[in-house]
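Colleague: I would like to go through this model feature by feature. Please give the general idea each time, then the case at hand.

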Amino acid sequence: MNIALLTAAGLGSRMHQDIPKQFLHIRNKPVILYTLEAFQKSALVDEIMVVSLANWQDMIWAYAKQFNIDKLKYVVSGGMSGQESIFCGLKELVKNHSNDDVVIVHDGNRPMISQEIIADSIAVYKKYGSAVAAIPCIEAIFQSEDGISSDTAIPREKLWRTQTPHTYTLGKLLKAHQLAAKRNICNTTASCVLMQMLGEKVFFSKGSEKNLKITTIEDIEIFESYLESSGKSGVEYLRLED
């Protein structure tokens, strides 16, 4: 069984908004719903779990009912960090699933994920036992100690920017988070970083520049442009005060 685990427990502090970024409305739909619809559409995904802020869980169920997201089977409370939130979801999933079931971890605020990215993540997982969406770096990269200047350039040919989804077996993910708790490894930036810290090799699946993570007002504006280029217009969200 393939289960999509969507993280949506962040407060979105960089947005400076009262509404968490994953619940901002764009074209009369919240960001999280675009993400839910992508996994609902995929024939490769059997179930969906959302790890959310406690006071938004009823709203997620309401969205699912209104927009026929019938693959949604679980909505659970997250933790204080992304790592904790994923662990919360895994501990719930293991109650009713096998360790061999496949978990596709994805940011709920990456609404532009394509069917091709989902399919390639699962294909790479089947080949190597894990998959992390990634794209090559195309900018010049410098290392700086003070954020003001640098005399050290890093060859971009060796650099890859990871995204989500991250695809592993439920058993492997759960074991990694249990080990992290024992070793006091906390607040890692992504599941792939935690896996790397625990000695796992990362295998790359297809990513995309369009698979952006919405964390700032500028990201909302980019998302709006993508929707307009797809023949969809209209955006509703709270702008920062001047």
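Predicted model: local features only at pLDDT ≥ 70, side-chain atom pairs only at ≥ 80, totals over all residues.

Colleague: Which residues have the most contacts inside the largest nonpolar core?

Modeller: In soluble globular proteins, nonpolar side chains tend to be buried together. A nonpolar core is a set of buried Ala, Val, Leu, Ile, Met, Phe, Trp, Tyr and Cys residues joined through side-chain atoms within 4.5 Å. Buried means under 20% relative accessible area, exposed over 50%, and partly exposed in between (1.4 Å probe, protein chains only). Here the largest core has 29 residues, and Leu36, Phe39, Ile48, Val50 and Leu72 have the most contacts inside it. Two or more residues each come from β1 (2–8), α1 (31–41), β4 (47–52), α2 (57–66), β5 (72–77), β6 (102–107) and α4 (115–128). Another core, of 24 residues, lies apart from it and includes Ile86, Tyr168, Leu173 and Cys192.

Colleague: How are those elements assigned, and how many helices and strands are there?

Modeller: Helices (H or I, at least four residues) and strands (E, at least two) are DSSP runs, numbered from the N terminus. The protein has seven helices and eleven strands. For overall size, the radius of gyration is taken over C-alpha atoms, and the globule rule is 2.2 Å times the number of residues to the power 0.38. The protein has a radius of gyration of 18 Å, close to the 18 Å that the rule gives for 242 residues, so it is as compact as a globular protein of that length. Buried residues make up 49% of the 242 residues. Of the contacts between residues at least 6 apart in sequence, 73% join residues at least 24 apart.

Colleague: How many salt bridges does the structure hold, and are the partners buried or exposed?

Modeller: A salt bridge is a side-chain nitrogen of Lys or Arg within 4 Å of a carboxyl oxygen of Asp or Glu. The structure holds six. In one of them, Arg110 pairs with Asp107, the closest N and O atoms being 2.8 Å apart; Arg110 is buried at 9% relative accessibility, and Asp107 is buried at 12%. Glu37 and Lys29 meet at 2.7 Å, N to O, with Glu37 partly exposed at 25% and Lys29 buried at 16%. Lys95 and Glu92 meet at 3.1 Å, N to O; Lys95 is exposed at 60%, whereas Glu92 is partly exposed at 22%.

Colleague: Where does Asn184 lie?

Modeller: Asn184 is in the loop between α5 (170–182) and α6 (191–197). Asn184 has a positive phi of about 60 degrees, again without being a glycine, and counts as exposed at 64% relative accessibility.

Note on methods. Residues numbered from 1 in each chain as written. Heavy atoms only, no water. Contact = heavy atoms within 4.5 Å.
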